[in-house]
4 protein chains.
Amino acid sequence: MTRRELREAAFEANRKLAGTGLVLGTFGNVSTADRALGEMAIKPSGVPYDTLEAAQMVVVSLDTGTVIDGSLRPSSDTPTHRELYRAFPAIGGVVHTHSEYATAFAQARLPIRCMGTTHADYFCVDVPVTRSMTRDEVETDYERNTGVVIVETIRACGHGGHDHDAVGAVLVANHGPFTWGADAIAAIERAQVLEYLARLEWRVRTLAPDAPRPDGFLVDKHFRRKHGPSAYYGQK
Amino acid sequence: MTRRELREAAFEANRKLAGTGLVLGTFGNVSTADRALGEMAIKPSGVPYDTLEAAQMVVVSLDTGTVIDGSLRPSSDTPTHRELYRAFPAIGGVVHTHSEYATAFAQARLPIRCMGTTHADYFCVDVPVTRSMTRDEVETDYERNTGVVIVETIRACGHGGHDHDAVGAVLVANHGPFTWGADAIAAIERAQVLEYLARLEWRVRTLAPDAPRPDGFLVDKHFRRKHGPSAYYGQK
Amino acid sequence: MTRRELREAAFEANRKLAGTGLVLGTFGNVSTADRALGEMAIKPSGVPYDTLEAAQMVVVSLDTGTVIDGSLRPSSDTPTHRELYRAFPAIGGVVHTHSEYATAFAQARLPIRCMGTTHADYFCVDVPVTRSMTRDEVETDYERNTGVVIVETIRACGHGGHDHDAVGAVLVANHGPFTWGADAIAAIERAQVLEYLARLEWRVRTLAPDAPRPDGFLVDKHFRRKHGPSAYYGQK
Amino acid sequence: MTRRELREAAFEANRKLAGTGLVLGTFGNVSTADRALGEMAIKPSGVPYDTLEAAQMVVVSLDTGTVIDGSLRPSSDTPTHRELYRAFPAIGGVVHTHSEYATAFAQARLPIRCMGTTHADYFCVDVPVTRSMTRDEVETDYERNTGVVIVETIRACGHGGHDHDAVGAVLVANHGPFTWGADAIAAIERAQVLEYLARLEWRVRTLAPDAPRPDGFLVDKHFRRKHGPSAYYGQK
């Protein structure tokens, strides 16, 4: 991928994110990374989605975090994205939204529990909430430290080398959701499904807070229908 | 009906389902069956609704379950649909969605109770939830066994030869709703009304969980206004 | 007004009602009456809103309830509308919907309480729920008796000759809302506001079921800003 | 700014408000003020948004409250707006809506608590509810007194000369929200964000009413990212 293609991909992804209805005003952002280039491209800070242009995407070094190309400031969340790219080399796209239901769970500091097969089709664990950040973490390098607590939360799920794929999304406490994937489009799809699952889980909790969880073998069945060597959902 | 017409009918029904807003991404599917042909046509697995073409619909034998016509894999839920067609010869269409409110009830393992006349206009009983499936049922022939528990749930309502019409919809535990009807269009209409009723019932449960049920004679009156020999709703 | 104008007015009102989003499928109906003609015009039964034509509106005698003009069956709710027109001579339009939040209150058998100034701008009392209908009332002349219990509920509010205007809407228990007004357009506006108020009241009840009511003098102030001789809202 | 430009700005702001979906029917209004002119322009009372014209905007003296220019009655809420302009000279726009979630909090008499970073990006305190108005305040000069209790509520937050900016929005008890800003567009943006925050807070309260609040240093960090001398969100 050339740097121009990287910027185009980030632009297309941000346009797609705006079309999902998951973002309001200038909230949220999506980035995409190319490992061969060692670069990521991200939305400029505070620019409304409807006036975005591909040339405004800001290219940042994955290694140093400095702006390589672009005349605007990158999203203030750039160090958070970069921390995720550095921790998990298989990730090619990161999305942050303030989508309404997932953010409500982040504010309530409640995980989005796996209560059904739709959840298991995408995420094989509950979507976790990070711990609160310390005063030091907030006052110095806040956005990088946001990435640090996300990575810490993913690793705590204990899925080893594949945990970023098994987890797929984290709710930052009192803030909102981050998702990732092999590319930016996959990360956006996860952000959409996460919001759908948050809507379901909110209704389940208000209807029957003590409803039994699905059996583990049902969850495994659905996750493996779509992921890994024995997947049989979709076309070959 | 020719096989080509069967495929066209399935295609039109899937397009119509997509237009209802009951499905997200590639979730959900609708099939249609022709008893003279002994065949059903269904959506291919994992194909987005907006790129569907009639020629992609997959034709499957009702008798053997094998693909008769089509180059794509059929929906992974095909054996569930087929089990319903085999149990109830009067059914000509089956719909599966992950519609948001009905799926929340499936995840909460709560029936959608008949709390008013709109419910009684379409369904004369509570919309039931299946039992949990066993490990064996999930690990071997999962999709066919999903149909088995749906049929078991319908029969348990005790409406005899007409129970599939009296029940009309079932929530598969921790999964989501299935509906059926004389044809695919009728099954889609039931899926839409079911979702509407789930929205109402969610609000009733959060407002007044102990609200009294409507009298049986009121429920009967509304069901019989629209169904059976004494119906007088609509045009002759 | 000529009979043709009456039919046109009913047609326009039904089209307008469809545009409000308060009706799903063939649910709901609006009628309009002309006192000089002694006739009302109403939607035909079970006809979808998007295929309605003015010539399909059915004209019914207010005095006898028989169809005077039209080749289709009138809405099955026609006797309910007629009962309201006969009880309150100042009414020129009646609307029935299954709008989602007002119907949830009807199913929960809870009034929509006056909890704020928006309610008081339109209705000076809580929107009441009817009593349950008896077996006899349901099994014989059901639709007319639905009107009878609505009228009974309005009169019980004790506003004398003007009670139909002070009340403005009633929830039929386990069924749904009816509204009325000087003409069909005013009745539709009330149906829209009623649904808005039901959404608010649902949230108030889930947030703070014991929240204090607004003071009576605040409710009176708002009702009188828009109604009666001292009104000063809007243009002269 | 000329008076014609003031009227144009008020017209554009009212059109923009209608496009946000925060107003229903003729509810709500936005005004804009010019301090050099000593005038404000506001929506005429009871006129639907879709028929508004710039020439219908009513110009009112900030000093005396009398109509300076315009043939229609100004919004009945004009004295409330004027009271805010008089108390806080830095305000250039005021918005009043009956937006559904913020109004539900006003009716429940509950503040919209600061439970996350999205709230802190816009408002550094809980959005407060006014006290109830007295009988005298309602019966004499009701609309002006509505402004008086809003100002009283803002001042009680104790942010000194900048409290109108720190607070940014108030819920009038049993009525609805008012927002303000440097100009009408900023006030509309706050009204939109307020409604978004009310939706989140409603879900948080139904999910976890006792969820811990975000740490003060996290709230400060976010407010200061967007406001004041150390802001670094957006472009320079």
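1. Contact here means heavy atoms within 4.5 Å. By that rule, the contact between chain A and chain D takes 34 residues from chain A and 31 residues from chain D. This is a predicted model, in which local features need pLDDT of at least 70, side-chain atom pairs count only at pLDDT 80 or more, and totals for chains, interfaces and linings use all residues. Residues are numbered from 1 along each chain as its sequence is written, chains are lettered from A in the order in which they are written, and side-chain values use heavy atoms, with hydrogens and water left out.

2. Buried area is the accessible area (1.4 Å probe) that two parts lose on being put together, summed over both. Chains A and D bury about 3000 Å² between them. Of that, 56% is on carbon and sulfur atoms. A:Arg73, A:Glu100 and A:Gln107 supply 23% of the area that chain A buries against chain D, more than any other three residues.

3. Four salt bridges cross the interface of chain A and chain D (side-chain nitrogen of Lys or Arg within 4 Å of a carboxyl oxygen of Asp or Glu). One of them pairs A:Glu100 with D:Arg199, at 2.5 Å, N to O. Helix 3 (100-108), helix 5 (135-139), helix 6 (142-155) and helix 8 of chain A each supply at least two residues of the side that touches chain D. Helix 3 of chain A gives the largest share, seven residues. Helices (H or I, at least four residues) and strands (E, at least two) are DSSP runs, numbered from the N terminus.

4. Over all chains there are 16 aromatic pairs. Rings of Phe, Tyr and Trp (its six-membered ring) pair if their centres lie within 6.5 Å; planes under 30 degrees apart count as stacked, over 60 as edge-to-face and the rest as tilted. A:Phe27 and D:Tyr196 have ring centres 5.8 Å apart and planes at 70°, so they are edge-to-face. A:Phe27 lies in the loop between helix 1 (3-19) and strand 1 (29-34) of chain A, and D:Tyr196 in helix 8 (residues 184-207) of chain D, so the pair joins two chains.

5. Both partners are buried (under 20% relative accessible area; exposed is over 50%, partly exposed in between; 1.4 Å probe, protein chains only). A:Phe27 has a relative accessible area of 4%, and D:Tyr196 has 2%.

6. Chain A and chain C do not touch; their nearest C-alpha atoms are 10 Å apart. Chain B and chain D do not touch either, with nearest C-alpha atoms 10 Å apart.
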